[in-house]
Amino acid sequence: MNNRFAAIMVALAVSIFAFPTISHAKRVHGVFRVVKGNVKIKTARGKIKRARVGQKVFPKDTIITAKDSRAKIIMTDKNVINVSPASEVIFANYEYEPKKNKKNVLLNVIYGKVRSKVNQKYDGKQSKFQVKTPSAVAGVRGTDFFTSYNMQTRATNVVTFEGTVSYGLPAANGGILNAVAVKAGQMASNRAGQAPTPPR
């Protein structure tokens, strides 16, 4: 009887501790693979901690890099996010549920620079990958591109390495106004409230 009672207690303990872990794992967006210098994570609740290799990125986390610091994050869908020195980037949304055909990403660049190597394919309608700054938004279907925002000049710059980036002003429901197509080897820029320059 004692053995049976002990077995029941063990089973209960396993179930109690297992479920939170499984639930928590589903919310992981990515993992730090490179951390150089002073890189911090600000959680959705405002807690700030030092980033380390192997540390996980969760919903609404903000990545803050100091001068001469950078980070590389491999996402759950194999997309790669590189945060440059002196930058602040919020993982505002990162849905990846292939079985439900859910793929929606929104990165907010508060200031600084981020390079996104997008290995997944997005249609720009049902599924979106967007990088947003205070003055512009860039949407892709699958590409490698660089986005930067300067708080002093309020200017955004986009450089495309592979594929094509749809770049313009933020619109309602994730839309893009005055969009221009920035193709591989091209760049475009704009300031707050102004349409982007023609790609060059």
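Tutor: Start with the contacts (heavy atoms within 4.5 Å). Of those in the protein chain with a separation of 6 or more, 45% come from residues 24 or more positions apart. This is a predicted model; local features need pLDDT of at least 70, side-chain atom pairs count only at pLDDT 80 or more, and totals for chains, interfaces and linings use all residues. Residues are numbered from 1 along each chain as its sequence is written, and side-chain values use heavy atoms, with hydrogens and water left out.

Confidence next. pLDDT is the predictor's confidence in each residue, from 0 to 100. The chain has a mean of 88, with 87% of its residues at 70 or more. Residues 8–25 fall below 50, and that stretch has one contact in the model beyond near neighbours in sequence. Where pLDDT is low, the predicted coordinates should not be read in detail.

Now the fold. The chain holds one helix and 16 strands. These are DSSP runs numbered from the N terminus: H or I over at least four residues for helices, E over at least two for strands. Strands pair if DSSP finds at least two bridges between them. β2 (residues 39–42) pairs with β5 (residues 62–65) in the antiparallel sense, over four bridges. There, Ile41 stands opposite Ile63 in β5. β5 also joins β8 (residues 87–97) through four bridges, again antiparallel. Thr65 stands opposite Ser87 in β8.

How much is covered? Buried means under 20% relative accessible area, exposed over 50%, and partly exposed in between (1.4 Å probe, protein chains only). Of the 200 residues in the chain, 39% are buried.

A nonpolar core is a set of buried Ala, Val, Leu, Ile, Met, Phe, Trp, Tyr and Cys residues joined through side-chain atoms within 4.5 Å. The largest one has 34 residues, of which Phe32, Phe91, Phe129, Phe145 and Tyr167 touch the most other members. Its largest share, four residues, comes from β9 (residues 102–117).

That brings us to the charges. Side chains of opposite charge can pair when their charged atoms come close. The rule for a salt bridge is a side-chain nitrogen of Lys or Arg within 4 Å of a carboxyl oxygen of Asp or Glu. It gives two salt bridges here.

One is Arg115 with Asp144, at 2.8 Å from N to O. This pair links distant parts of the chain: Arg115 is in β9, Asp144 is in β12, and 29 residues separate them. Arg115 is partly exposed at 31% relative accessible area. Asp144 is buried at 5%.

The other is Lys100 with Glu97, at 3.5 Å from N to O. Lys100 is exposed at 56%, while Glu97 is partly exposed at 31%.

Look beside Asp144. Thr143 sits in the loop between β11 (137–140) and β12 (144–150). Thr143 counts as buried because its relative accessibility is 4%. Neighbours within four places in sequence aside, Thr143 touches Ser116, Lys117, Val118, Thr160, Glu162, Gly163, Thr164 and Val165.

Two other loop residues deserve a backbone check. Arg154 has phi near 60°, a positive value in a residue other than glycine. Arg154 lies between β12 and β13 (155–162), and is partly exposed at 49%. Asn173 also has positive phi, about 60°, and is not a glycine. Asn173 lies between β14 (164–170) and β15 (176–183), and is exposed at 75%.

Last, a lysine in a strand. Lys72 belongs to β6 (residues 70–75) and is partly exposed at 30%. Outside four places in sequence, Lys72 contacts Val31, Phe32, Arg33, Val34, Val80, Ile81 and Asn82. Among these, Phe32 is also one of the core residues that touch the most other members.
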